[in-house]
Amino acid sequence: MLIYNTTYHVDFDDARNFVIWIHQAYIPKALESGLLSKPRLCKILSHHDEDSECFSLQFEVEDSARLHRWYVQCGEALHEEMQKVFKDKAAGFTTLMEIIEESGSMPRTSKGEKIILGIDPGTNIMGYGVLKVTGHKAQMEAMGVIDLRKYGSPYLKLGRIFERVTGIIESYLPDEMAIEAPFFGKNVQSMLKLGRAQGVAIAAAIHRDIPITEYAPLKIKMAITGNGQASKEQVAGMLTRILHIREEEILPYMDATDGLAAAYCHYLQMGRPEVAAAYHNWKDFIRKNPEKVSGNK
């Protein structure tokens, strides 16, 4: 099952009428063919500006062939009708259907292609990276940070994390998400705050039905550099060489490359199922999980 997503930017003054028209006119007509199902309209809080609201309209469709058939039968006519109703006020929308017509395939449905979102949780700076995998080749689609330092309240920070991660998901439509596990240190309060931040990012992915895999920091560093004690700079340097990232694309915050590292670690694990570790006693557990021991880095 695939997701057909359309993003609309609509003037504030027309937003209410737009929502009514979508629910009472567009959706009923779109469902008449029986090719689309489970419509969902939601507001994208992270993409609005001073003059407009941003909405995401999603349908489920069985495959790209059915989606193309729907677009030919009625989708194009519906979009033309929308242009007439709202004239140029909703002209800023973008759709995945346009990508299908230009390239012949939808990014999320191309055979052998996958989008992985990597997240490096943080309470002040949260990093993320988007990796596109085609066959056995991986390339960076985007990376960045979510700056939370201007928010004094920890609850406002959590709200912002959910809002931004949701926006990133809606922008890149990842198939899977990889997230770095919180580091087990001595400061209990820091651990609690970091765990909350990670949990909210996970909740945003769950809200969009995206599978999530968690990786320990040591495992990510080991996968990228071969050294579980590697520094952030070493991880960033290795990713730069592996993914051929240009110097101008490197951000001053290493949190971004840490997020990308989580995604690349997940890519390396694809097709490599691991047998669950067996522990004979606590000493054996500690030996195999040094990152979970207080005081170890």
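A crossing of two helices is called left-handed if the near helix is turned anticlockwise from the far one by less than a right angle, and right-handed if the turn is clockwise. In this predicted model, the crossing of H6 and H7 is left-handed, whereas H4 passes H5 in a right-handed crossing.

## Confidence of the model

The average pLDDT of the chain is 78, and 77% of the residues score at least 70. Confidence is highest in strand E8 (residues 176–180), with a mean of 94, and lowest in helix H3 (residues 96–103), with a mean of 34.

One covers residues 89–111, for which the model has 49 contacts beyond four places in sequence. The other covers residues 273–280, with eight contacts beyond four places in sequence.

## The five-stranded sheet

Five strands form an open sheet in the order E7-E6-E5-E8-E9, and their pairing is mixed. E7 and strand E9 (212–215) are the edge strands, each pairing on one side only. From one strand to the next, the twist averages 20°. In general, the strands of a sheet pair through backbone hydrogen bonds, in either a parallel or an antiparallel arrangement.

Both arrangements can be illustrated here. Strand E5 (residues 113–120) pairs with E8 in the parallel sense over four bridges, and Ile119 stands opposite Ile179 in E8. Strand E6 (residues 125–134) and strand E7 (residues 137–147) pair in the antiparallel sense over ten bridges, with Met126 opposite Ile146 in E7. E6 and E7 make a hairpin with two residues between them, and Gly135 in the turn has a positive phi of about 65°.

## Packing of H4 and H5

Two packed helices are described by the angle between their axes and by the distance between the axes. For helix H4 (residues 154–172) and helix H5 (residues 188–207), the angle is about 35° and the axes are 9 Å apart. From H4, the contact includes Leu158, Ile161, Phe162, Val165, Thr166 and Ile169; these meet residues of H5 including Arg196, Ala197, Val200, Ala201 and His207. By class, this contact of H4 with H5 has eleven nonpolar, two polar and one charged residues.

## Two partners of H6

Helix H6 (residues 217–225) packs with helix H7 (residues 232–242) at an angle of about 45°, their axes being 9 Å apart. H6 and H7 are therefore oblique to each other. Lys221, Ile224 and Thr225 in H6 meet Gln234, Val235, Met238, Leu239 and Ile242 in H7. The contact of H6 with H7 has five nonpolar, two polar and one charged residues.

The axis of H6 also comes within 9 Å of the axis of helix H8 (residues 254–269), and the two cross at roughly 70°. Because angles of 65 to 115 degrees count as roughly perpendicular, H6 and H8 are placed in that class. On the H6 side, Lys219, Ile220, Ala223 and Ile224 take part, and they meet Ala261, Ala262, Tyr264, Cys265, Leu268 and Gln269 in H8. The residues of the contact of H6 with H8 divide into eight nonpolar, one polar and one charged.

Note on methods:
Residues are numbered from 1 along each chain as its sequence is written. This is a predicted model: local features need pLDDT of at least 70, side-chain atom pairs count only at pLDDT 80 or more; totals for chains, interfaces and linings use all residues. Side-chain values use heavy atoms; hydrogens and water are left out. Two strands pair if DSSP finds at least two bridges between them. Axes are lines fitted to C-alpha atoms, for helices over the stretch in contact, and angles run from 0 to 180 degrees between N-to-C directions. Angles under 35 degrees count as roughly parallel, over 145 as roughly antiparallel, 65 to 115 as roughly perpendicular and the rest as oblique. Contact means heavy atoms within 4.5 Å. Ala, Val, Leu, Ile, Met, Phe, Trp, Tyr, Cys and Pro count as nonpolar, Asp, Glu, Lys and Arg as charged, and the others, Gly among them, as polar. pLDDT is the predictor's confidence in each residue, from 0 to 100.
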